[in-house]
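Please read the points below with the coordinates open beside you.

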Amino acid sequence: MNKTGAAWLMAILGWAIPGAGHLAQGRWRRGLIALVTVWGLLALGFIFGGRFFDVTSTRDGLLMLAYGAFNIGNGLAYLICFIIGAGFNSSGELVKIPTFEHANTLIMVAGLLNFLLMLDAFDIRAGKED
Amino acid sequence: MHFLLMIVFAAAVGLVFGCVGRPSWSERLRYGAKVFAEFTLVGLLLGWLLYFSP
């Protein structure tokens, strides 16, 4: 596999499982920090009443599409939840939880940070970073 | 609880920014701590400013 292909593979690995792109390149510390941080934020988000946003529907408004795009950064976790229909509770019960907005922010930030880590894994494999 | 979640958010962002933003671990630690402090302070400041807004 050529350098660019391998770099893309690392990026996709890193997207699917946070830190996997770094771990596959022997960057243990960075990989573990990525895994713990992203999945930790995701878990806290759900514990405190957050949810994923559907990226295929504008039923909740256009802004929710952006939220959904941020959520996609959570990789396989989002994909699996999307397929089995879990974690997308939009019934309105969650809104009553005082930490609902904060929890949603944590889930979105987890996705955005994973996008950043994914690009970092790409850069390392492409030789743009030591 | 809201403050605690903000601290968690700032710590997570500081960790990741530190990891991807600097080449050596000592620099990463310093930069991560700086990002954490900035997010926390700005969050507190904005919180107080919004408290006084109608």
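1. Helices (H or I, at least four residues) and strands (E, at least two) are taken as DSSP runs, numbered from the N terminus. On that basis G111(A) belongs to helix α6 of chain A. The model is a predicted one, in which local features need pLDDT of at least 70 and side-chain atom pairs count only at pLDDT 80 or more, whereas totals for chains, interfaces and linings use all residues. Residues are numbered from 1 along each chain as its sequence is written, chains are lettered from A and ligands numbered from 1 in the order in which they are written, and side-chain values use heavy atoms, with hydrogens and water left out.

2. When residues up to four places away in sequence are not counted, G111(A) touches F70(A), G73(A) and N74(A), contact meaning heavy atoms within 4.5 Å. The C-alpha atoms of G111(A) and I72(A) are 6.3 Å apart, although 39 residues separate the two in sequence.

3. With a relative accessible area of 1%, N74(A) is buried. Leaving aside neighbours within four places in sequence, N74(A) is in contact with W15(A), A16(A), V38(A), L42(A), F52(A), I107(A), A110(A) and G111(A).

4. How many salt bridges does a search of the whole structure find over all chains? The search finds 1, where a salt bridge is a side-chain nitrogen of Lys or Arg within 4 Å of a carboxyl oxygen of Asp or Glu. D120(A) forms a salt bridge with R30(A), and their closest N and O atoms are 2.7 Å apart. Because D120(A) lies in helix α6 of chain A and R30(A) in helix α3 of chain A, the pair ties together parts that are 90 residues apart in sequence. Both D120(A) and R30(A) are buried.

5. Turning to the interface, 16 residues of chain A are in contact with 14 residues of chain B. The two chains bury about 1,500 Å² between them, 84% of it on carbon and sulfur atoms; buried area here is the accessible area (1.4 Å probe) that two parts lose on being put together, summed over both. In chain A, the residues that lose the most area to chain B are R30(A), I33(A) and H102(A), together 29% of what that side buries.

6. As for polar links across this interface, the rule finds 0 salt bridges between chain A and chain B, while 1 residue pair is in polar contact, both at pLDDT 80 or more. A polar contact is a pair of N or O atoms within 3.5 Å; within protein, one must be able to donate a hydrogen and the other to accept it, and residues adjacent in sequence count only if both atoms are side-chain atoms. On the side of chain A that touches chain B, α3 (28–47) and α6 (100–126) each supply at least two residues, and the largest share, 7 residues, comes from α6(A).

7. In chain B, R30(B) is placed in helix α2 (residues 25–52), and at 59% relative accessibility R30(B) counts as exposed. R30(B) and G43(B), 13 residues apart in sequence, are 20 Å apart in space, C-alpha to C-alpha. L41(B) is also in helix α2 of chain B and, at 56% relative accessibility, counts as exposed. The C-alpha atoms of L41(B) and A10(B) are separated by 9.9 Å, the residues being 31 apart along the chain.

Definitions and conventions: Buried means under 20% relative accessible area, exposed over 50%, partly exposed in between (1.4 Å probe, protein chains only).
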